[in-house]
Every structure is written in C-alpha cells, then in structure tokens.
Amino acid sequence: MAAAAGGGAVRALSQKEQDIQMMLAADVHLGTKNCDFQMERYVFKRRTDGIYIINLGKTWEKLQLAARVIVAIENPQDIIVQSARPYGQRAVLKFAQYTGAHAIAGRHTPGTFTNQLQTSFSEPRLLILTDPRTDHQPIKESALGNIPTIAFCDTDSPMRYVDIGIPANNKGRNSIGCLFWLLARMVLQMRGTILPGHKWEVMVDLFFYRDPEEAKEQEEEAAAAPDFAAITDYQGAEQWGAEQWTSDVAVPPVAPTGADWGAAPAPVPTGDGWDQAGAPVPADGVVPPVAAPTGWDQAAQPTAQGWE
Amino acid sequence: MADRGGQRGGDRGGFGRGFGRGGRGDRGGRRGGRRGGRQQEEEKWVPVTKLGRLVKEGRINKIEEIYLHSLPVKEHQIVEQLVPGLKDEVMKITPVQKQTRAGQRTRFKAFVVVGDCDGHVGLGVKCAKEVATAIRGAIILAKLSVVPVRRGYWGNKIGQPHTVPCKVTGKCGSVTVRMVPAPRGSGIVAARVPKKVLQFAGIDDVFTSSRGSTKTLGNFVKATFDCLMKTYGFLTPEFWTETKYVKTPFQEFTDLLAKPTKGLLIDAPTETVEA
C-alpha cells in the first residue's frame with residue numbers, strides 16, 4: 001500500500017482517487033466513538049483512541065448510487081435537501097442552487113409533508129438529509145408519505161427509514177461541505193452538464209459553512225484593500241459605483257482566481273447578507289470591493305457578468 | 001351538581017331524540033349526504049394534494065391504482081370520484097361526556113360505515129359537539145379509509161365470488177371477529193352490526209363467530225373492518241408470481257404535476273393553517 005501511495009504521486013490520480021484524497025483532507029473518514037450495528041459494514045477499523053474509521057471507498061460508491069437516484073427523478077424541483085444543523089445549511093443551499101432542487105435550511109415545521117392544509121405543504125419525490133438524528137422529524141414524515149430518503153450517516157446514526165445511507169462524518173463543517181460538493185458534481189456529470197474529465201469550476205469552499213464573524217471579517221478585508229487605488233481614480237470610481245450596483249446587486253462578487261478571497265466570493269446565500277454588507281460600502285464613496293484584486297480595468301466588469 | 005349534570009344529559013338526549021332512542025343501530029340511514037343549500041361548497045373541489053390533482057384531471061380512473069402503490073389518500077373527494085356508488089349508514093350516535101367544574105361537557109360520537117356493496121368498505125368515527133357535524137365528519141373519514149375487500153369461493157368456482165377467500169379474523173380491543181367461507185345461499189350469518197358492514201362490503205355468504213365484549217359497538221365494528229382488511233393481506237398461491245413493478249402515478253405524470261396550479265389562493269373554501 002505504501003509503495004502504491006508513493007507510486008500514486010508519480011502517475012496521475014484517477015477521479016475517484018482524487019475525490020478520496022479530498023475527503024481525507026476534509027476528515028470525512030472520521031466517525032464517532034460508537035458504532036451502530038447497521039453501519040458496521042462501512043467501517044474500516046477502530047482507532048486506538050476509540051474513533052471508528054469509515055471506508056472511503058464505500059462512501060464513494062454510495063455517493064455514486066445516490067447520484068444515480070437523484071438523476072432518475074425527472075423533475076429536480078421534486079427533490080428536497082434539508083439540514084437543521086448550521087454546518088450543513090450553506091452546503092444544502094448551494095447544492096440546491098446547482099442541481100435545481102429545493103432546499104430547507106433550519107427548522108423543519110412538523111407537518112410539511114403530511115398536513116395538506118398547511119401553506120408550506122409539499123410532496124417531494126426524494127429527500128436528502130445531512131443527519132438522521134437531528135433531522136429525525138422529516139424522516140418520520142417521509143415514512144408516512146412514501147418518500148424515499150437519502151442521508152449522510154455517521155457511524156452512530158440510526159438507519160431507520162433511511163433508504164440510502166452514505167457513510168460519512170456529518171459533524172465536521174468541511175466534511176459536510178465536501179460531501180455535498182462531490183454529490184452535486186456527480187449529479188451534474190451524470191446529467192451531462194459537466195464533462196467527466198474536466199474540473200468543476202465551482203470550488204469546494206463555496207459549500208463550507210462560514211461563521212458570521214468570519215464572513216464579516218473577510219468582507220471588511222476586501223473593503224480595506226482597494227482603498228488607495230480608489231483615491232487616485234475617484235471620478236471613474238463614481239461611475240463604476242453606479243453601474244455596478246444597478247446591474248448586479250445579487251451577483252456574488254468576483255474573485256476568479258480565488259487566491260486570498262477564497263470564501264469571499266460567496267456571500268450569505270440568501271443575498272440579504274450581501275445587501276447589508278454591501279450597502280454601507282458605496283455610501284462611503286468607495287467603489288465596491290468586488291473587483292479589487294484585479295484592478296479597475298474594463299476587464300473587471302465583464303468578468304463580473306460572466307460569473308453571473 | 002350531579003343532578004343538574006344529569007338533567008343536562010337528559011336534555012341533550014332529548015334534543016337529539018331520534019338518535020338517543022334508536023341508538024342501538026339501524027335507525028338513521030342518511031343516504032348520500034344532505035343536498036340542501038350547500039351546493040356551492042360541494043361542487044367546486046380544488047385539489048390540494050398531487051393525488052387529488054391527478055384524480056380530478058382524470059388520469060387515475062380506478063381506486064385500485066392507488067391501492068397498488070399504497071398512496072395515502074388525504075382528500076375524500078378522490079374516493080367520491082373514483083368509487084361512484086358509495087352509500088353510507090350511521091351505525092350509532094353515542095353521547096360521551098367529560099367532566100368540567102361547571103358540569104359535564106357532552107359531545108356526540110358518530111360511527112359511519114360507507115360502501116358500494118361491491119368490494120369497497122370504509123369506516124369512520126368522529127366526535128363533535130353537534131350531531132350533524134359528527135355525522136358529516138364521520139362520513140368524510142369513512143371515505144378516506146375505504147379499503148378493498150377480497151372475495152372468493154367456498155368451492156367450485158362458478159359464477160362470481162360470493163364469500164370470503166379463507167378464514168380470517170380481526171381484533172379490536174377485546175372483540176375478535178372470525179369470518180369463515182360459506183356455501184352459496186347461506187347469507188350473512190352474523191349479528192346485526194357486522195351484518196351491516198358485510199353487506200356494504202359486498203359479501204353475500206359468510207359464517208361468523210365473535211368473542212369478547214361485542215356490546216361495545218365501536219370495537220365490534222372496528223374488528224369486522226380489520227377482518228375485512230386482512231382478506232387482501234393473506235398470501236395465497238395466486239400471489240406467488242413475481243410482481244411486475246409499475247411506475248407510480250407521481251412518476252408517470254410528473255410533467256403534468258410540474259405545472260403550477262393557478263387561482264388556488266383566490267377562492268379557498270377550505271381552511272388553511274399558517275405554518
């Protein structure tokens with residue numbers, strides 16, 4: 001195995017191996033100290049400190065299976081992706097955005113799948129959850145409504161009424177983001193939207209959870225950087241300010257290389273965060289930090305729209 | 001207090017006098033619901049569930065298609081449309097009371113059996129402050145609970161099935177009801193209460209045997225209903241062949257269901273709950 005690992009560095013890694021490398025980096029393979037008997041088949045070994053290690057090869061296979069099921073649903077709007085945990089909410093929203101599904105982040109109102117008189121009543125054809133334990137209410141309701149359920153299950157997750165369980169770590173923020181990113185990419189590849197050989201231009205970091213303080217920090221940094229550039233070219237900046245703001249308030253800011261501003265490109269998904277964070281900026285007279293790293297060229301504007 | 005309570009109870013009994021007296025059972029055949037001044041509500045049905053929409057459009061023609069996929073039925077109009085010959089009968093109205101510090105609070109519990117005398121029965125139980133409301137609610141619940149009844153032969157498969165396919169038994173509370181296949185011409189050999197249910201089911205000949213406190217009409221009727229449900233749960237050699245899976249209606253008609261429903265919010269005769 002060691003030889004193969006060393007040899008792997010020399011030849012190019014297959015898609016599956018690259019994915020597994022990414023999953024290892026995101027700690028997807030780390031389970032918990034307990035193991036549910038139905039998850040035993042996915043466990044590789046128990047570490048000396050008591051934590052069960054999940055076999056990532058099997059995780060990858062289950063992800064493929066789940067992707068096939070998702071693709072089989074003709075109308076993607078009939079799929080509901082859900083997460084009550086904060087760590088999974090951003091991932092779930094991004095997943096829904098890229099695959100065309102419907103996202104529910106936060107509390108699941110009991111009766112959404114069973115009470116036909118509720119305004120939020122919906123009858124999905126498929127349900128995807130981040131954790132069977134915290135999302136137990138939707139599981140119960142889907143059982144009443146003949147809705148198949150896919151869930152990311154940790155080693156100690158109850159598997160009752162879960163039809164496809166993907167063994168993975170559903171506690172870590174990077175882990176959940178990574179899994180949804182992989183699933184989304186697989187679904188798009190199977191649908192033919194992305195070609196299998198090419199890299200997906202959407203970054204994994206987009207699916208990671210951001211703390212609100214962290215998000216604010218990043219945007220402040222982005223605001224601070226272009227300051228001195230703006231002062232030299234103030235008049236042009238005024239025009240820019242007006243133009244840019246009218247056209248795309250909702251578009252996430254551009255940072256195509258994504259070097260420093262790794263997480264900055266995607267503001268809080270609802271878009272409200274962006275409005276709040278962005279509104280004070282033009283008031284200061286500083287051109288929005290959006291195109292900061294690349295400079296004030298014309299090039300900045302078209303790339304912003306290209307991102308849209 | 002007790003006296004006043006007793007009097008009140010007496011008053012109520014007097015008020016619902018038809019039912020108080022004939023409470024034993026077969027009085028009060030309310031056929032087909034009231035056509036009174038309520039026509040508008042009944043005519044315009046705006047389906048809320050996917051299944052409702054499909055039934056209204058006419059994509060689903062037989063209720064058997066719903067049974068095949070075990071789809072939950074939430075709107076009674078679905079059943080009304082798919083099973084046209086449904087008749088209903090009020091089995092019993094009992095007043096039930098709860099004690100409050102200002103006397104007793106009486107409500108009326110209605111047991112309604114619904115059926116088309118040809119293989120479909122439903123049972124509904126509803127409790128409400130007024131008799132009429134209880135009956136109406138029970139009829140709706142009965143329609144929602146309509147199940148298919150399997151009929152078979154006693155021996156010699158000539159003509160149409162007329163009896164239960166095998167010995168089946170149903171239980172509710174302490175009451176167990178056992179149904180045994182009978183030869184043609186025996187008729188329904190049962191007590192008054194289960195006889196009604198079996199007539200609605202469309203079973204012509206059967207021998208029954210019951211045990212437990214059959215006085216409690218609620219349990220007795222539920223036990224026979226449970227027994228009838230089990231007729232299709234019994235595995236016989238006809239079901240040994242491998243099932244050919246059929247697409248669920250939600251998958252088959254996914255394009256139709258994807259279309260948005262307009263005008264739903266404008267006139268909503270039914271109540272909605274803000275979630």
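1. In what order do the five strands of the open sheet in chain A stand, and is the pairing parallel or antiparallel? In this predicted model, the order is S4-S3-S5-S6-S7 and the pairing is parallel, where strands are DSSP runs of E with at least two residues, helices are runs of H or I with at least four, both numbered from the N terminus, and two strands pair if DSSP finds at least two bridges between them. Strand S4 (102-105) and strand S7 (164-167) of chain A are the edge strands, each with a single partner, so one side of each has no neighbour in the sheet.

2. On conventions, residues are numbered from 1 along each chain as its sequence is written, and chains are lettered from A and ligands numbered from 1 in the order in which they are written. Local features need pLDDT of at least 70 and side-chain atom pairs count only at pLDDT 80 or more, whereas totals for chains, interfaces and linings use all residues; side-chain values use heavy atoms, with hydrogens and water left out.

3. Strand S3 (residues 79-83) of chain A pairs with S4(A) in the parallel sense over four bridges, and Ser83(A) has Ala105(A) in S4(A) as its bridge partner.

4. Among the seven aromatic pairs found over all chains, Tyr98(A) and Phe207(A) are stacked, with 6.3 Å centre to centre and 20° between the planes; rings of Phe, Tyr and Trp (its six-membered ring) pair if their centres lie within 6.5 Å, and planes under 30 degrees apart count as stacked, over 60 as edge-to-face and the rest as tilted. This pair links helix H4 of chain A, which holds Tyr98(A), to the loop between helix H6 (173-191) and helix H7 (212-224) of chain A, which holds Phe207(A), across 109 residues. Tyr98(A) is partly exposed at 25% relative accessibility, while Phe207(A) is buried at 0% (buried is under 20% relative accessible area, exposed over 50%, partly exposed in between, with a 1.4 Å probe and protein chains only).

5. Trp181(A) and Trp200(A) form a tilted pair, because their ring centres are 5.7 Å apart and their planes at 40°. Both Trp181(A) and Trp200(A) are buried, and ring pairs link Tyr98(A), Trp181(A), Trp200(A) and Phe207(A) into a cluster.

6. In chain B, eleven helices and eight strands are present, and buried residues make up 38% of its 275 residues. Val46(B), in the loop between helix H3 (39-43) and helix H4 (50-57) of chain B, is partly exposed at 30% relative accessibility.
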